[in-house]
Each structure stands twice: as structure tokens, then as C-alpha cells.
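Here is a short note for a first look at this entry. Please keep the view open while going through the points.

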Amino acid sequence: MLPFISLNAQDLIHTKDGSKIEVKILVINQEEIQYKKYNNLDGPLYILPKTEATQIDFANGTVEYISNNQTSSKPSMAETQAFLIETINAHGFEEDNFKRRCDVSFEGDFLRLKIINKKGDKPVNAGLLYDFARVIKFQNVSDRGDKAFVNIWVMRQTNPDKDIWDKHKMVMRVDNAANAESILRALKHYSELLIEKQYKEKGSSKF
């Protein structure tokens, strides 16, 4: 996870020994959590190995559970799809404003992204169909403080009748950086699952 700073309230780290630390999270990556103590934001930077944390309650209400069981399985295809539907539909918006929400569904392995009208009762169009087995580039989350953006170059279907796909930059506005990072991580994981699935299917083909 790339750096982000929540502005109005403290984040809370739960540790393995049962402690709860009120902090301002600065950086989270695969190995560690970097933070400052909430009651001393001008003080030193602290680094906590992720293996020592069990849960992070972010200031925006988002909760991230940290699994330190190296033998535990990663989220399945169905679990990842369900997470993306729930998270994007709750926190994702069209690129230009927060007036119209995103609506994600899956058609087989393909992701369908629609935009819902301002009333929130129906989509404004049929949406765009994306193939996350063919991602050109995952860009870093763009954190603007009061909003964040997920930017991904990925193949989208431009002609359903002829099954034509072209490179497209998918841009999604998200209500904060923490949720944007969660969405980006899930989409990366989903892409990896799709590539792994295709590899296994090719390996089992008979020539």
C-alpha cells in the first residue's frame, strides 16, 4: 500500500499482544506499517512489522484484517469478485464527480462496469466490459486528500458482435485513499487469478 494520510481522526492498530495504538498511518507495505503516534504527530516515525499487527481500523471506518498465517490460502476467484462488487459499488464513482456511483458485476471472468444515475436507481448505459487477464499497466493510486483515483490500462470490449478489444484507461474516483488501495489490490489479485487460470487451462490442453 502506498502512503496516505487521514486528516480528521486517528487510525487504530491492533497488535498480537492485545494492545491498541492510536496512530496516524503513513505507509503500509508487505513488510511493515509506518506511523506516527496520534498524540504526537510532530514526533518520531515508528515502524511496526506487519507480523505484529492483527487489524487496522482506519479513520474513515474501513477495517483491514492482517493475516500472518503464511499457510492460509489467498482469496478465491468467487471471494475476490464478491469483494470487488461490494467495495466498488459502495465507494466507487465516475471519474468527474461524486454524483454517480459505479456498479460492478461479472459476466463469467469479465468485469462489467456501469455508472448509476444520480437518483441511484438505474444505470445510465450498458457499461464497459473489461478483461483483467489482459492488463497493460496498474498505476499507483492517485491520492488527492478528499478523493483518490484508481487508474488502470486494461483491455475493454469495443465491438461485442465481432469480439474486438482495445486498450483503455479505466479511471475510477474513490471516496478515500484507503478504499482505493483496497480496490487496486483486489483487482491486481483478480488479474493474477485469471492469468493463473488461463495458464492451467493451456497446460491441460491436449495437442
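1. Terms first. Strands are DSSP runs of E with at least two residues, numbered from the N terminus. Two of them pair if DSSP finds at least two bridges between them.

2. The model is predicted: local features need pLDDT of at least 70, side-chain atom pairs count only at pLDDT 80 or more, and totals for chains, interfaces and linings use all residues. Residues are numbered from 1 along each chain as its sequence is written, and side-chain values use heavy atoms, with hydrogens and water left out.

3. Start with S5 and S6. Strand S5 covers residues 53-57 and is joined to S6 by three bridges, in antiparallel fashion. Gln55 has Tyr65 in S6 as its bridge partner.

4. Next, S1 and S2. S1 (residues 11-15) and S2 (residues 20-28) run antiparallel, with four bridges. Opposite Leu12 is Glu22 of S2. Four residues lie between the strands of this hairpin, where Gly18 has a positive phi near 95 degrees.

5. Then S2 and S3. Five bridges link S2 to S3 (residues 32-37), again antiparallel. Ile28 has Ile33 of S3 as its bridge partner. This hairpin has three residues between its strands.
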